[in-house]
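The following exercises are to be worked with the sequence and the structure in view. Each task is followed by its solution.

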Amino acid sequence: METDDECIRASLDGHPEAYGHLVRRYQAPLMGYLVGRLRDRQEAEEIAQEAFVRSYTGLATLKKTSAFVPWLFGIANRVVKESRRAKDRERRLPLPENVPAGLPVEQAVPDETLQSSIAELDERYRQVIALRYHGRMTCEQVAQVLDLPLGTVTKRLSRAYAILREKLNSREAQT
Amino acid sequence: MNCRQCRKSLVPYLEKVPGAPAAEIERHLAECDACRGEAVAVRALRDRMIQLGEAEGAARSIEPTVMDRIARHSQQKQEGEPMMTIRKRLFAHPWRLSAASIVFAALVGAALILVGRGNRYAFAQTVEAHRNVRSVHVLIENGAGLTLGKDGGFSYRQDSGTTEVWIEVGEDGKPVRVRADTDWSSGDGPYTVFWQNDKASVWLRSKKVFWTFKDMNVVSKIPKEIMDPNSVVTTLEERMAAGKAHITQIKLNFESEFSPKVLVMNPPEPEGMVEVYVIDPKTKLLQQYEKYAKKGNELVFAGRFRFTQYNEPISASVFAPMLPADVVRLDQSNREIGLAQGKMSDSEVCEAVVRQFFEYVIAKDYDKASDIWPGWGTDALKGGNELKSVAKIISIGPAKPDVRPGHGGRFRVPFEVEWSDGGRWSGTANVKPWEGQPGRWRLDGGI
């Protein structure tokens, strides 16, 4: 399988199909990351698509190919902010008559408590969790794509576990 | 191992991270109820996270949508972006090419190995790959029509423009069926050529004429690189073997297995054509071939050939013209065109061609006159007022070579004839060999 670096270089050399490898590889972690944050699968999907397209068009500006994933997540964060700003503007506009303000969207929200707890985590923990569990990567692979020492990844994961357990205990105690 | 150390290593242990002290942790867990409880809790959370990840992962893939958007984005940009980059480099740093030209192609054993600033590419692979080409679609852009003349100056070719070609090649490597669509804007205007079984048909779209004739005179206007795309490769191979091609391989900013191999051939002189060959890394086939006119440090884009759809079946409809009803069909495929040269000199045969033409016209034998002046139907010749009134030849010759650029091999023959009303017509006829039937000469262009 091609490395991120190879896929990026090939994409820059005029082979967009090589970018498809990156999309396949990182769509699940990015989606997991965004669904957790936005709590809306449809919106997460739109933002993930936009983030992938923007990262493709901006690949030439990526100085360090090993930093692709943090860079991609950074782009996704910017798209989220833009999307929210746009939605704020829309809300200020009056809705036309007879149009329901919110349409029901069929979406399964698995383990919402855990998801919302993850969404409250610090960015650096959410990235590791997204890659490890949504991307089904090993800790070594997470370390590689985030360009971090393995020890840092396991420490972040340990810390994320500790925080999550606190949050979950607290929430589950309330209910 | 104490409890603090155990809890610190719990996640690396559960994640099976290399280097985690598994044996020590397991020994401690076997002895410590508190840490065992902690491990159970962490493992439960981990399982919950895995389930969450799997549930999210079961969602539909966004890849098709993303790739579709990227494809549309790429289409909106100019095609062949890597070549744009290369071209920018050529224009921006022409001196680099000169420096690169110092590197010569090396002949190693049976394989030609190109040695450049980048990695090595065995050109023999491309030669071999092209032996198996049986069909190809070619897009040609003639740049700005600029060519570098022998006098060192640039000249502008009126027949520049774009051409789209489909070619089927036989087992012997020769073209079997060809279609070429041009948008050339001068002379006969844009036209389409169909070529098959030693017959060419030219559809002069603006003149609404579909002219069929033996062999391929008009097709010869199309460069050899198009009629026989494999010749680009074999010609280069021959030039390399003869030490006449100085080639280097361009090292791209980013290279991977998907990257094309980009070879640049520099002319040995300060002036000439710089040629760029872009080779598909997987199929080894030529993807693109570009030419630049080089004059000192100046490089001017002169043409590009893009080779696509190698060995993909070409629909039969491509080679079957769908002519509008108002198009006049002119079939001269079974006729001998022009005059045989025999033992006459070039200027003698040219004068003889003009004389023969007017003799046929005077005899009102327009069928034979149209053989001398192919491309004009009998009816067209009958309808010409100047021609149908010609009654007598006053003088013909002497024939002189046409020295104007782009007319090599053609002669100009002055003539004077008398009309039936006593008026006289002086003009110049153009005569050139008929490539389709070797040894025969014919009228060319207007008179």
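Chain B contains 13 helices and 23 strands, where helices (H or I, at least four residues) and strands (E, at least two) are DSSP runs numbered from the N terminus. The model is predicted: local features need pLDDT of at least 70, side-chain atom pairs count only at pLDDT 80 or more, and totals for chains, interfaces and linings use all residues. Residues are numbered from 1 along each chain as its sequence is written, while chains are lettered from A and ligands numbered from 1 in the order in which they are written.

**Exercise 1.** Determine how H6(A) and H8(A) are arranged.

*Solution.* Step one: the axes of H6(A) (residues 123-134) and H8(A) (residues 150-174) come within 9 Å and cross at roughly 100°; axes are lines fitted to C-alpha atoms, for helices over the stretch in contact, with angles from 0 to 180 degrees between N-to-C directions. Step two: H6(A) is therefore roughly perpendicular to H8(A), a class covering 65 to 115 degrees. Step three: H6(A) contributes Arg124(A), Tyr125(A), Val128(A), Ile129(A) and Arg132(A) to the contact, and H8(A) contributes Val153(A), Arg156(A), Leu157(A), Arg159(A) and Ala160(A) (contact: C-beta atoms, placed from the backbone, within 7 Å).

**Exercise 2.** Describe the side of chain A that touches chain B.

*Solution.* Step one: 42 residues from chain A and 36 residues from chain B take part in the contact. Step two: the elements of chain A giving two or more residues are H1, H2 (16-38), H3 (41-57), H5 (112-119), H6 and H8. Step three: H2(A) supplies the largest share, 11 residues.

Notes
Angles under 35 degrees count as roughly parallel, over 145 as roughly antiparallel, 65 to 115 as roughly perpendicular and the rest as oblique. Two residues are in contact if their C-beta atoms, placed from the backbone, lie within 7 Å.
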